[in-house]
Amino acid sequence: MDEINMERTIRETLHTCADGLHAPDALKTRIDYALRSGQTAPRRRPWGKRLAAALLVAAVAVTGAVAGSGVVSWGSSSRTDKSWRDFDQTAAYVQEHVAGAKTPASFTNGFSFKRGCEETVAKRDESGNVLDSFTGLLLEYKKGGTQLMLNIEPVQAEGEYTSPYDTVRTVGETALHYRAMRCIFLPPDGSIQPTAAEQAAADRGEINIAYGSDTREEQVFYTVSWIDDALYYALYTYEPGDLTEDDFFAMAGEVIGS
């Protein structure tokens with residue numbers, strides 16, 4: 001894919017269960033796990049503080065790896081009538097629509113299921129036309145004031161699911177990719193610009209620069225992701241509390257073994 005098309009390659013929307021979300025057309029990404037979000041915030045925030053209006057999510061870049069597919073972006077959406085607080089109801093829906101997905105009710109470190117929702121991801125061409133779609137799930141786990149999200153969706157041929165900046169460990173034959181990425185959030189009107197060094201780091205994929213905040217903000221995005229039986233999993237948060245890198249790997253191992 002050439003540079004112009006890569007600038008158009010994005011995950012357009014936010015992983016939430018709120019209605020009324022959309023992102024403008026002129027969004028850009030040049031690196032794995034990079035997402036520049038839109039200017040419109042959700043009307044409701046059922047998933048909590050930053051995660052509901054996530055400017056960066058456990059997203060993957062679309063590489064156009066499938067020649068002639070025409071797919072240059074993915075856009076995800078969800079409906080409030082397909083969200084649940086009951087684990088058994090969620091698990092039943094998961095097995096019907098994302099067969100084989102592993103969804104633990106809780107983790108040994110005390111995190112437990114709080115809610116889940118269906119995610120529909122539309123594959124779009126350069127003009128924004130929907131060429132295809134697939135279904136995934138988004139689950140929330142909490143322990144005290146710490147919130148984690150688990151995203152599960154079928155692996156797509158045009159997706160790029162790893163980054164050279166990942167820390168990699170294996171559980172059995174499964175490679176787990178951990179990342180603690182520095183994120184800079186800037187106003188969408190361009191009134192505050194990243195430094196040249198920050199922009200260069202973003203271009204290399206070391207950090208993420210996203211637009212949509214009222215002023216400059218910085219956070220770290222923590223995620224562990226892996227592929228298991230043709231499904232992509234990502235466990236992530238902006239506010240890990242006392243969770244360590246080892247904890248993320250351990251929790252991923254529990255999902256794999258569940």
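Analyst: One definition to start: a residue is buried under 20% relative accessible area, exposed over 50% and partly exposed in between, using a 1.4 Å probe and protein chains only. This is a predicted model, where local features need pLDDT of at least 70, side-chain atom pairs count only at pLDDT 80 or more, and totals for chains, interfaces and linings use all residues. Residues are numbered from 1 along each chain as its sequence is written, and side-chain values use heavy atoms, with hydrogens and water left out.

User: OK. How many helices and strands does the protein chain have?

Analyst: The chain has 5 helices and 12 strands. Both are DSSP runs numbered from the N terminus: helices are H or I with at least four residues, strands are E with at least two.

User: What share of the residues is buried?

Analyst: Of 258 residues, 51% count as buried. The accessible surface of the chain comes to about 11200 Å², and carbon and sulfur atoms hold 47% of that. Those areas come from the Shrake-Rupley method with a 1.4 Å probe; for residues, only the protein chains shown count as cover.

User: And the contacts, what share is from residues 24 or more positions apart?

Analyst: Such pairs make up 69% of the contacts with a separation of 6 or more. A contact means heavy atoms within 4.5 Å.

User: Helix H3 next. Which of its residues are buried?

Analyst: H3 spans residues 87–97, and Thr 90, Ala 91, Tyr 93 and Val 94 are buried there. Down the axis of H3, the buried residues fall within an arc of 165°, so they line one face of the helix. The arc is taken from the directions from the helix axis to the C-beta atoms. Asp 88 and Glu 96 are exposed on the other side of H3.

User: What covers the buried residues of H3?

Analyst: The cover includes strands S3 (83–84), S4 (112–124) and S5 (130–143). The N-terminal end of H3 is capped by Asp 86, with a side-chain oxygen 3.3 Å from the backbone nitrogen of Asp 88.

User: Switching to the core. Which residues have the most contacts inside the largest one?

Analyst: Leu 150, Val 224, Trp 226 and Tyr 233, in a core of 28 residues. A nonpolar core is a set of buried Ala, Val, Leu, Ile, Met, Phe, Trp, Tyr and Cys residues joined through side-chain atoms within 4.5 Å. H3, S5, S6, S9 (174–186), S11 (217–228), S12 (231–237) and H5 (245–257) each supply at least two residues of this core. H5 gives the most, with 6 residues.

User: What does Trp 226 touch?

Analyst: Leaving out residues up to four places away in sequence, its contacts include Leu 150, Leu 176, Tyr 233, Ala 252 and Ile 256. There is also a second, separate core of 17 residues, including Cys 117, Tyr 161, Phe 185 and Ala 234.

User: How many aromatic pairs are there?

Analyst: The count is 12. Rings of Phe, Tyr and Trp (its six-membered ring) pair if their centres lie within 6.5 Å; planes under 30 degrees apart are stacked, over 60 edge-to-face, and the rest tilted. Trp 84 and Tyr 93 have ring centres 4.6 Å apart and planes at 40°, so that pair is tilted. Trp 84 and Tyr 93 are both buried. Phe 87 and Phe 113 are edge-to-face, with 5.3 Å centre to centre and 70° between the planes.

User: Where do Phe 87 and Phe 113 lie?

Analyst: Phe 87 is in helix H3 and Phe 113 in strand S4, so the pair ties together parts 26 residues apart in sequence. Phe 113 counts as buried, at 10% relative accessibility. Ring pairs also link Phe 87, Phe 107, Phe 113 and Tyr 141 into a cluster.

User: Backbone now. Which phi does Asp 229 have, positive or negative?

Analyst: Positive, about 55°, although Asp 229 is not a glycine. Most residues other than glycine have a negative phi. Asp 229 lies in the loop between S11 and S12 and counts as exposed at 67% relative accessibility.

User: What about phi of Ala 230?

Analyst: Phi of Ala 230 is near 70°, a positive value in a residue other than glycine. Ala 230 lies in the loop between S11 and S12. Its relative accessible area is 52%, so Ala 230 is exposed.

Technical notes: Polar contact = N/O pair within 3.5 Å; in protein donor to acceptor, adjacent residues only side chain to side chain.
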